[in-house]
Amino acid sequence: MSRIVKLTNENFDSEIVKDGVVAVVDFYADWCGPCKMFAPVFEELANERTDVVCGKVNVDEAPALAQRFGVMSIPTVIVFKNGEQTAQNVGLAGKAKIIAMIDA
């Protein structure tokens with residue numbers, strides 16, 4: 001069972017922007033090749049890191065969220081701590097890099 005939350009304009013703030021929450025959000029699109037390659041890495045991360053909220057934003061379904069966070073290229077992964085953006089990676093990344101961003 002996946003621990004990944006599908007994020008929308010309606011639920012983003014209630015799921016991600018909270019005190020005490022560490023979250024990692026994958027901005028992606030279904031047609032994006034590198035996004036498809038990153039999906040199993042993100043799934044594995046979500047299953048391993050139960051201390052982190054893992055969410056996905058489909059930029060085609062929620063363009064306002066992509067615009068809000070300045071996402072111009074996908075995949076983009078953004079780490080949030082206590083509602084504040086603390087790290088960002090644009091392009092395909094390995095699990096170790098994402099973990100390093102979370103733990104920084």
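Colleague: Where in the chain is Asn82 found?

Modeller: In this predicted model, the residue in question has a phi near 55 degrees, a positive value in a residue other than glycine. Most residues other than glycine have a negative phi. As for its place, Asn82 is found in the loop between β4 and β5.

Colleague: Is Asn82 buried, partly exposed or exposed?

Modeller: A residue counts as buried under 20% relative accessible area and as exposed over 50%, with partly exposed in between. The relative accessible area of Asn82 is 44%, so this residue is partly exposed.

Colleague: In which order do the elements of the protein chain run from the N terminus on?

Modeller: The protein chain has four helices and five strands. Among them are strand β2, which covers residues 22-28, helix α2, which covers residues 33-48, and strand β5, which covers residues 84-90. Read from the N terminus on, the elements run β-α-β-α-β-α-β-β-α.

Colleague: How does the radius of gyration of the protein chain stand against the globule rule, and what radius of gyration does the chain have?

Modeller: Along its principal axes, the C-alpha trace spans about 35 × 30 × 25 Å. For 104 residues the globule rule gives 13 Å, and the value for this chain is close to that, so the chain is as compact as a globular protein of that length. The radius of gyration itself is 12 Å.

Colleague: What share of the residues in the protein chain is buried?

Modeller: The accessible surface of the protein chain comes to about 5,400 Å², and 54% of that surface belongs to carbon and sulfur atoms. Among contacts between residues at least 6 apart in sequence, 69% join residues at least 24 apart. Of the 104 residues in the chain, the buried share is 44%.

Colleague: Is the disulfide of Cys32 and Cys35 right-handed or left-handed?

Modeller: The handedness follows from the torsion about the S-S bond, which is about 75 degrees for Cys32 and Cys35. The disulfide is therefore right-handed.

Colleague: How far from Cys54 is the nearest cysteine sulfur?

Modeller: Cys54 is buried, because its relative accessible area is 1%. This cysteine is in no disulfide, and the nearest cysteine sulfur is that of Cys35, at a distance of 16 Å.

Colleague: Leaving aside its neighbours within four places in sequence, with which residues is Cys35 in contact?

Modeller: Cys35 has its place in helix α2, and its C-alpha is 19 Å from that of Val53, which is 18 residues apart from it in sequence. Once neighbours within four places in sequence are left aside, the contacts of Cys35 are Tyr28, Ala29, Ile74 and Pro75.

Colleague: Is the peptide bond from Ile74 to Pro75 cis or trans?

Modeller: Pro75 has its place in the loop between α3 (63-68) and β4 (76-81). Most peptide bonds are trans. For the bond from Ile74 to Pro75, however, omega is near -5 degrees, and the bond is cis.

Colleague: Not counting residues up to four places away in sequence, which residues does Tyr28 touch?

Modeller: Tyr28 is found in strand β2 and is buried, because its relative accessible area is 13%. With residues up to four places away not counted, Tyr28 touches Cys35, Lys56, Val57, Asn58, Val59 and Ile74.

Colleague: Which residues does Ala87 touch, not counting residues up to four places away in sequence?

Modeller: Ala87 lies in strand β5, and its C-alpha is separated by 9.3 Å from that of Ile98, 11 residues apart along the chain. With residues up to four places away in sequence not counted, Ala87 touches Val77, Ile78, Val79 and Met101.

Definitions and conventions:
Residues are numbered from 1 along each chain as its sequence is written. This is a predicted model: local features need pLDDT of at least 70, side-chain atom pairs count only at pLDDT 80 or more; totals for chains, interfaces and linings use all residues. Side-chain values use heavy atoms; hydrogens and water are left out. A disulfide is a pair of cysteine sulfur atoms within 2.5 Å. Buried means under 20% relative accessible area, exposed over 50%, partly exposed in between (1.4 Å probe, protein chains only). Helices (H or I, at least four residues) and strands (E, at least two) are DSSP runs, numbered from the N terminus. The radius of gyration is taken over C-alpha atoms; the globule rule is 2.2 Å times the number of residues to the power 0.38. Contact means heavy atoms within 4.5 Å. Accessible areas come from the Shrake-Rupley method with a 1.4 Å probe; for residues, only the protein chains shown count as cover.
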